[in-house]
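Please open the structure in your viewer and keep the selection tool at hand.

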Amino acid sequence: MKKAAVISAMVLAAALSFQGTWAREPVAGEAAPVSEAAYTYDNKVSGLTMVIPGNRVENEKSSPAVYQTFLPDEGISLSILSRAYGQPYSEGKMKEQAREAQKFLQENIKKSGEKPVSMKSVETKAGRALRAETKGQGEGGRFSVIRYLFLRQEGTAMISFTMKEEDVKRNRPLVENMVNSLSFYTPMQKVSVKGTAYTYDIPSSMQVDYDPPVAPDHVLVAGNHLLMTGVAALPISENREFSFLPSSLASLSDKEKADIESHFRAKLASESSGKYVKNVTFLFDSFHGLPGLKLDFDDQGDHNTSYIFVKDGKYISFDYIYNVKEKTYADQVIAQSAASISL
């Protein structure tokens with residue numbers, strides 16, 4: 001992917017460096033100051049939250065792509081630039097993205113006229129970031145900028161703090177606290193399972209097919225570049241392959257659990273790729289208030305996770321599949337999705 005497309009939202013950073021704008025009062029047309037103990041900025045489009053001081057003056061022109069506010073008590077102009085990709089990038093692609101991002105940031109700092117102070121990779125509670133510190137001269141005097149650039153598989157975010165040069169030492173603990181309050185999540189969409197009352201959340205980047213030719217036993221299949229999911233809801237009386245299942249997965253004896261495991265192992269072995277299936281694990285537990293079974297296995301470089309339930313005479317399975325190389329992305333998305341299952 002070309003550099004301009006890699007972090008196109010970040011191009012705004014140069015134009016929004018706040019040179020000479022720190023410590024100014026709000027002008028006509030801007031939002032009035034907002035006072036409260038603390039404020040949690042939550043961007044549901046790009047999937048990030050950050051806690052900032054409640055006393056702030058927000059720019060009324062802020063948008064999901066660019067959030068701007070002034071913190072009068074600290075004399076900090078804060079900018080949060082963020083963007084969600086249409087599709088998540090693979091782990092391998094992210095290495096290239098990181099190299100391009102550092103080059104991009106260096107070039108734009110040079111064009112801004114600011115003088116570089118430091119640039120290094122740092123670990124935060126939200127993950128690794130590229131932190132750049134610069135100094136400059138504006139209409140109001142000398143200023144400093146601390147930028148944090150986060151690259152994720154699902155998007156980018158740049159957090160910029162601009163303040164008077166002499167305020168950096170005093171404000172640094174607050175800046176670090178704000179950055180450490182940052183958290184990322186996957187923007188989700190709620191989908192209904194056709195012909196049922198079931199719903200669950202899946203990434204907004206997924207396309208949904210309610211008549212999937214590749215999995216006709218599923219009511220829906222959805223996917224993005226890194227993860228696929230699907231739901232099966234089959235009447236047990238009409239599908240003999242599931243006749244071994246009891247009317248409920250609650251309060252099962254060890255023998256009943258062993259019998260279910262044996263049938264599922266035999267079913268996996270009988271399928272076309274059965275000889276490649278390995279690392280099969282079973283977990284009988286309560287999932288989101290319903291007794292169920294979590295089934296995991298590997299198959300030729302892919303990992304499969306299914307949350308299986310029995311309700312109203314139906315075998316219900318919420319399935320997820322991904323390449324093992326994308327485990328970090330998939331695990332957190334599946335946890336978020338599985339927690340939303342409603343039957």
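The stops below begin with the overall fold and then turn to the aromatic rings.

This is a predicted model, in which local features need pLDDT of at least 70 and side-chain atom pairs count only at pLDDT 80 or more, while totals for chains, interfaces and linings use all residues. Residues are numbered from 1 along each chain as its sequence is written, and side-chain values use heavy atoms, with hydrogens and water left out.

Helices (H or I, at least four residues) and strands (E, at least two) are DSSP runs, numbered from the N terminus. Of its 343 residues, 48% are buried, where buried means under 20% relative accessible area with a 1.4 Å probe, protein chains only.

Next, select the aromatic residues, which form 11 aromatic pairs. Rings of Phe, Tyr and Trp (its six-membered ring) pair if their centres lie within 6.5 Å, and planes under 30 degrees apart count as stacked, over 60 as edge-to-face and the rest as tilted.

Select Phe242 and Tyr315, a stacked pair with 3.8 Å from centre to centre and 15 degrees between the planes. Phe242 lies in the loop between strand S16 (228-235) and helix H5 (254-270), and Tyr315 lies in strand S20 (residues 314-323), so that the pair links distant parts of the chain, 73 residues apart. Both Phe242 and Tyr315 are buried.

Then select Tyr200, Phe287, Tyr307, Phe309, Phe318 and Tyr320, which ring pairs link into a cluster.

Finally, select Arg56, which lies over the face of Tyr39 at 3.6 Å from the ring centre. A charge sits over a ring if NZ of Lys or CZ of Arg is within 6 Å of the ring centre and within 35 degrees of the ring normal.

Notes. Buried < 20%, exposed > 50% of the residue type's maximum accessible area, 1.4 Å probe, protein only.
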